[in-house]
Amino acid sequence: MSFALVLALVVSGVDGARAAGPEDWRTPAEIADYRSTPRYEETLSYLRRIAARLPEMRIASFGRSASGRDLPLVIVATEAIDTPEEAAASGRAIVLIQSGIHGGEIDGKDATLALLRDLALGKHREILNGTVLLFVPIYNVDGHERVSPWNRPNQDGPVEGMGFRTTSDGHDLNRDSLKLETPEARALIGLIHRWRPHLLIDNHVTDGVDLDWTLTWTVPEPPQVSAGVGAWVDEHLTRAALATEAAGHRVGPFVSLRDPLDPTKGFSSWIGEPRYATGYVTLMNRPSVLVENHSYKPYRARVLANHAFLIALLHELADDGPRLVRVVTEAEASTIALGRSGAPPSQVVVRWREAAPTDTVKLPIYDWTVEPATTTGESFLRYKRGQIREIEVPWVRRVKDDWTLRRPRGYYVLPGWPALESRLRGHSLRVSRLQSSSDVDVAVARLDNPRPTRGG
């Protein structure tokens with residue numbers, strides 16, 4: 001790429017198109033006026049350029065995709081930290097910011113490129129205080145390269161095209177955190193267990209409900225996470241959301257309508273099963289923030305909102321990261337104690353469900369009518385752009401246990417299941433083989449009338 005001799009300075013909530021110096025530091029998306037997002041090699045080239053200017057930044061690979069591409073990992077810390085051991089010894093809050101788990105939902109990549117560029121130019125340096133930042137700018141690297149303007153027809157840009165949702169062999173990486181069927185998921189879960197981040201931020205783009213928020217978010221709530229973790233997240237996410245609003249971007253909780261034909265019945269926005277990356281880390285007593293930018297908003301607006309939100313949230317970590325480390329460590333120690341030999345019997349939740357709504361929120365949704373679809377005849381909501389209805393609706397954000405089992409001391413698996421053993425090791429679980437026969441008392445679990453689930 002050739003760069004014009006122009007320096008573009010970026011402030012939170014303002015794009016980098018303003019010239020003020022001898023060298024052009026605009027991101028590729030900014031240069032393209034957000035009509036396009038950089039391809040894999042162009043993204044890596046820009047990251048290398050930033051790294052040459054930012055001594056605290058290192059670029060590594062945490063694995064390879066099914067098509068053989070490196071999975072890039074960016075490490076940023078004010079001291080020489082290159083390994084998980086060094087990060088843990090530092091006592092700092094480790095934050096993993098992941099983008100592009102679905103190749104077409106790539107706002108987070110361009111937002112993090114702008115954020116890293118800002119750091120290289122000396123801006124927002126305070127967010128490095130007390131933190132180790134890990135960036136996965138493109139997770140689904142193979143899907144990222146299958147570019148077409150028709151991959152997400154309900155998404156407003158980038159108009160010159162975006163990547164594809166699944167991997168090269170058709171896997172959805174955001175449904176593979178438990179199955180570990182893909183090399184990408186095995187690499188990411190391995191990274192999470194090696195680095196053990198205290199917070200995961202997962203950048204997505206959502207469609208469906210047409211509303212006036214540009215960025216939406218959701219987080220796990222107690223008892224999915226400990227009360228201490230939940231309190232930290234609630235306090236600091238509230239501040240980050242207010243700061244993002246102050247920067248000029250409307251934000252609110254993620255919206256999944258309880259009745260797809262009647263928004264007045266409210267919506268849900270809870271973190272679901274551990275097959276999702278954001279749900280997986282809750283098994284490790286870690287919080288996550290799921291970012292869902294609104295696909296009907298222009299690409300420029302979505303990237304700028306994502307950029308402002310990340311800066312605001314990282315400011316909160318810089319101010320209070322040690323408390324997050326402490327509450328996560330305490331939650332982890334509490335769980336480990338429940339499984340120790342001699343510990344009193346306890347229950348483990350294997351399935352959660354939504355609790356009755358206890359909150360309401362004012363939803364800025366566009367006015368709608370219910371109409372039959374031309375192709376299928378099924379009813380759908382047709383929105384009236386420009387006519388916003390602010391309606392007070394129930395907000396489901398709490399969860400309760402739906403199925404619990406007595407916490408086991410371990411599991412015995414019959415021989416002849418190497419794939420199962422491989423999956424368990426992929427989750428960093430301890431697996432050992434009995435060297436001789438022995439008699440033990442066990443409880444047997446069997447699947448009873450298993451059924452596939454739809455959607456999600």
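**A helix and some salt bridges**

Helix α7 covers residues 227–246, and its 20 residues reach 29 Å from the first C-alpha to the last, close to the 28 Å expected at 1.5 Å a residue. Keep in mind that this is a predicted model.

- Several residues of α7 are buried, among them V229, W232, V233, H236 and L237.
- Seen down the axis of α7, the buried residues fall within an arc of 155°, so they line one face of the helix.
- An α-helix has 3.6 residues a turn, so residues three or four places apart point the same way.
- Turned away from the buried side is a face with the exposed residues A227, L242 and A246.
- The buried residues of α7 pack against β6 (215–218), β7 (251–253), β10 (288–294) and α9 (299–338).
- After α7 comes G248, which has a positive phi, near 105°.

**Salt bridges**

- The count of salt bridges comes to 40.
- R250 pairs with E390, with their closest N and O atoms 3.7 Å apart.
- R250 sits in the loop between α7 and β7 and E390 in strand β13, so this pair ties together parts that are 140 residues apart in sequence.
- R353 forms a salt bridge with D402, at 3.2 Å between the closest N and O atoms.
- A network of salt bridges links E105, R152, R165, D172 and R175.

Notes: Residues are numbered from 1 along each chain as its sequence is written. This is a predicted model: local features need pLDDT of at least 70, side-chain atom pairs count only at pLDDT 80 or more; totals for chains, interfaces and linings use all residues. Side-chain values use heavy atoms; hydrogens and water are left out. Helices (H or I, at least four residues) and strands (E, at least two) are DSSP runs, numbered from the N terminus. The expected span of a helix is 1.5 Å times one less than its number of residues. Buried means under 20% relative accessible area, exposed over 50%, partly exposed in between (1.4 Å probe, protein chains only). The arc is that of the directions from the helix axis to the C-beta atoms. Contact means heavy atoms within 4.5 Å. A salt bridge is a side-chain nitrogen of Lys or Arg within 4 Å of a carboxyl oxygen of Asp or Glu.
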